[in-house]
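Welcome! Here is a short briefing to read with the structure in view.

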Amino acid sequence: MSIWWSLHLRREAASVPLARRLLLGTMESAGVDPDISYDLSVALTEACANAVEHGGDTVPGTSCEAYRVTAYLDGDQCRIEVVDSGPGFPAGNARTLLRPAGEDAEHGRGLCLIQELADHVHIGNEPGRGGAVVSFDKILKWRKVPSLLPA
C-alpha cells in the first residue's frame, strides 16, 4: 500500500496539531502500530514547531508565512518531510545541529528528539530557494488487523 499527502500550512502554532492529527489519522487508518505512529507524530510536531518558530520572517505578505509538510507511507516505510521558506540552516556541518542541548537550555532539543525517534534523519537547505528541510524515515510495524489492508 502507498499513501502520500502534502499540506501547505501557515507558520502559526495552530497548524502544528493539524499536521499531527492528519498523520495520526492516516496511520491509524492504514493499520500502523500505535507506538510507531506516536513516535512519528512527536517527531513531526518537533519539525513543524521548528518551521513555525524559525522558518522565516514575520513580515505579512511574504512567502515566509508558510511551510510544507509531506508524508509518504510506502510499503513498510514512512518518510516525512518539513520544508520552510526561511533562511535555512547555517552553513557548515549538520552534525553540530544534532548535538544535545545543555540541561538548562530552553531550546535546541527538537532535532535531537527527531533523531532519537526516527530511523534516519536528513537536515539541510532547499537547493536554490533557501529554506530548511528536515526529513526523516521510520520502518513501520503493523497492528494485527489493519483497517485499510486486506485481512
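How many helices and strands does the protein chain have? The protein chain has 3 helices and 5 strands, where helices (H or I, at least four residues) and strands (E, at least two) are DSSP runs numbered from the N terminus. This is a predicted model, in which local features need pLDDT of at least 70 and side-chain atom pairs count only at pLDDT 80 or more, while totals for chains, interfaces and linings use all residues. Residues are numbered from 1 along each chain as its sequence is written, and side-chain values use heavy atoms, with hydrogens and water left out.

**The chain as a whole**

- Along the sequence, the elements of the protein chain come in the order β-α-α-β-β-α-β-β.
- The protein chain has 151 residues, and 41% of them count as buried (buried means under 20% relative accessible area, exposed over 50%, partly exposed in between, with a 1.4 Å probe and protein chains only).
- Take the contacts in the protein chain between residues at least 6 apart in sequence: 64% of these join residues at least 24 apart. Contact here means heavy atoms within 4.5 Å.

**How α1 packs on α2**

- Two packed helices are described by the angle between their axes and the distance between the axes.
- Helix α1 (residues 15-30) and helix α2 (residues 34-54) pack at an angle of about 155°, and their axes are 9 Å apart. Axes are lines fitted to C-alpha atoms, for helices over the stretch in contact, and angles run from 0 to 180 degrees between N-to-C directions.
- That angle makes α1 roughly antiparallel to α2 (angles under 35 degrees count as roughly parallel, over 145 as roughly antiparallel, 65 to 115 as roughly perpendicular and the rest as oblique).
- The crossing of α1 and α2 is right-handed. A crossing is left-handed if the near helix is turned anticlockwise from the far one by less than a right angle, and right-handed if clockwise.
- On the α1 side, the contact includes Val-16, Ala-19, Leu-23 and Met-27; among the α2 residues that take part are Leu-40, Leu-44, Cys-48 and Val-52.
- By class, the contact of α1 with α2 has 12 nonpolar, 4 polar and 1 charged residues. Ala, Val, Leu, Ile, Met, Phe, Trp, Tyr, Cys and Pro count as nonpolar, Asp, Glu, Lys and Arg as charged, and the others, Gly among them, as polar.

**How α2 packs on α3**

- The axes of α2 and α3 cross at roughly 155° and come within 9 Å.
- That makes α2 roughly antiparallel to α3.
- The crossing of α2 and α3 is left-handed.
- Asp-39, Val-42, Ala-43, Glu-46, Ala-47 and Asn-50 of α2 meet Gly-110, Leu-111, Leu-113, Ile-114 and Leu-117 of α3.
- The residues of this contact between α2 and α3 divide into 7 nonpolar, 2 polar and 2 charged.
- Which residues of α3 (residues 110-117) are buried? They are Gly-110, Leu-111, Cys-112, Ile-114 and Leu-117, and what covers them includes α2, β4 (120-125) and β5 (132-139).

**Cysteines**

- Cys-48 counts as buried, at 0% relative accessibility, and Cys-112 counts as buried too, at 12%.
- The whole structure has 0 disulfides (a disulfide is a pair of cysteine sulfur atoms within 2.5 Å).

**Residues to find in the strands**

- Val-83 sits in strand β3 (residues 77-84) and counts as buried, at 4% relative accessibility.
- The C-alpha atoms of Val-83 and Arg-68 are 5.2 Å apart, with the two residues 15 apart along the chain.
- Not counting residues up to four places away in sequence, Val-83 touches Tyr-67, Arg-68, Glu-126, Ala-132 and Val-133.
- Ser-135 belongs to strand β5 and is buried, with a relative accessible area of 8%.
- Beyond four places in sequence, Ser-135 touches Ile-80, Glu-81, His-120, Val-121 and His-122.

- Asp-33, in the loop between α1 and α2, is partly exposed, with a relative accessible area of 22%.
- Asp-33 and Trp-142 are 109 residues apart along the chain, yet their C-alpha atoms are separated by 4.7 Å.
- Leu-140 lies in the segment after β5 and is buried, with a relative accessible area of 4%.
- The C-alpha atoms of Leu-140 and Gln-77 are separated by 5.3 Å, and the two residues are 63 apart along the chain.
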